[in-house]
Amino acid sequence: MDKFTSVSRNSNFTFTASDEHPHPLVKVPNGRKPLTPPNKGLDGIMECPVCSKSIFPPIHQCPGGHILCSDCREVNNKCPVCRKEIGNIRCLALEKFALSIPLTCRYHSHGCKAILPYYSKVKHEAQCICRPYTCPHPSLDCCVTGDVPSLVAHLRERHKVDLQMGSTFNHRYVKQDPCSVDNISWTLTLFYCFNHYFCLHFEAFCLGTEPVYIAFLRFMGEESEARKFGYCLEIGGDSRKLTWQGVPRSIRTHYHSVRDSYDGLIIQRSLALCFSGGDRRELKLRVTGRIWKEVL
């Protein structure tokens with residue numbers, strides 16, 4: 001894959017992120033044993049034996065009492081345990097039992113302290129702020145997930161991503177043969193400021209048949225936190241200047257969505273070549289920027 005080369009004036013900085021993250025402390029009243037989350041072992045009772053997802057009414061059972069979720073029953077009406085026909089037998093006792101079960105979030109080990117009614121569990125987990133993040137690197141074959149510190153370590157060790165301190169940056173992107181973009185090409189840089197991590201993306205992709213360049217910032221955290229920051233990007237050359245100001249997007253939003261919505265600094269190829277001095281053999285773009293915390 002054709003990639004950019006990114007050169008920074010502050011590239012001598014080295015930072016190591018620790019993989020050790022202490023578990024949330026559990027209060028121990030009056031010296032007793034640590035409290036166990038309620039119904040810790042009940043999740044399996046309400047699991048479909050085929051798809052392992054939580055079962056919700058209507059809950060069907062075979063003549064032998066084995067249960068199956070509605071989705072799996074539509075695919076195959078046979079019991080996965082005894083192979084008998086499921087039929088239309090409802091397990092009413094289990095449906096009523098589900099109403100009385102308070103369960104912990106599946107991300108309890110990641111720090112979520114929520115105790116949820118059974119029927120609210122799935123919706124909560126789909127939006128839980130403690131659920132792991134997906135690696136923000138554009139590599140298509142990376143499916144690593146984790147919390148922010150572990151992903152920072154992963155990005156630096158696995159993807160060799162540069163990490164810089166500070167809220168300002170000055171990058172020079174160099175690309176060979178700028179008139180041909182057969183595949184998407186990109187570069188990624190990490191920044192640490194205001195006690196948070198940010199990802200600066202710079203990409204080239206084809207918009208129709210025309211190569212387009214885009215730079216945008218993503219926040220390593222939740223969308224609600226990302227809105228507390230702002231950033232600006234500036235690119236210039238040959239007595240011309242192009243600027244962009246916006247709000248970083250959370251890494252919960254896939255970088256494809258950010259790129260395809262053009263939520264960043266967009267540079268057409270003709271203008272990029274102009275900024276680069278008109279050399280069609282090698283593209284040289286200087287991008288400066290700043291991150292700030294909004295005053296609430």
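**Exercise 1: Rings that meet**

In this predicted model, ring pairs join Phe 194, Phe 198, Phe 219 and Phe 229 into a cluster.

Task: Work out what kind of pair Phe 198 and Phe 229 form, and where in the chain the two sit.

Solution: Start with the general idea: two aromatic rings are described by how far apart their centres are and by the angle of their planes.
- Step one: the ring centres of Phe 198 and Phe 229 are 5.3 Å apart, with the planes at 80 degrees.
- Step two: planes over 60 degrees apart count as edge-to-face, so that is what this pair is.
- Step three: Phe 198 belongs to strand β11 (residues 196-207) and Phe 229 to strand β13 (residues 229-237). They are 31 residues apart, and the pair links distant parts of the chain.
- Step four: Phe 198 and Phe 229 are both buried.

**Exercise 2: A tyrosine pair**

Task: The structure has seven aromatic pairs. Classify the one made by Tyr 192 and Tyr 197, then say how accessible each residue is.

Solution: 
- Step one: the centres lie 4.7 Å apart and the planes make 50 degrees, and this pair is tilted.
- Step two: Tyr 192 has 21% relative accessibility, so it counts as partly exposed.
- Step three: Tyr 197 comes in at 12%, so Tyr 197 is buried.

**Exercise 3: Charges over rings**

Task: Which rings have the charged ends of Arg 252 and Arg 259 over them?

Solution: Take them one by one.
- Arg 252 puts its charged end over the ring of Tyr 133, 3.9 Å from the centre.
- For Arg 259, the ring is that of Phe 205, and the distance to the centre is 5.1 Å.

**Exercise 4: The two sides of a helix**

Task: Sort the residues of helix α2 (residues 92-99) into a buried side and an exposed side.

Solution: 
- Step one: Leu 94, Glu 95 and Ala 98 are the buried residues of α2.
- Step two: looking down the axis, these fall within an arc of 105 degrees, so they line one face of the helix.
- Step three: the face turned away from that side carries exposed Leu 92, Ala 93, Lys 96 and Leu 99.
- Step four: the buried residues of α2 pack against β3 (67-68).

How values were computed. Residues numbered from 1 in each chain as written. Predicted model: local features only at pLDDT ≥ 70, side-chain atom pairs only at ≥ 80, totals over all residues. Heavy atoms only, no water. Phe/Tyr/Trp six-rings, centres within 6.5 Å; stacked < 30°, edge-to-face > 60°. Buried < 20%, exposed > 50% of the residue type's maximum accessible area, 1.4 Å probe, protein only. Helix = DSSP H or I, 4+ residues; strand = E, 2+ residues; numbered from the N terminus. Lys NZ or Arg CZ within 6 Å of the ring centre and 35° of its normal. Arc of directions from axis to C-beta. Contact = heavy atoms within 4.5 Å.
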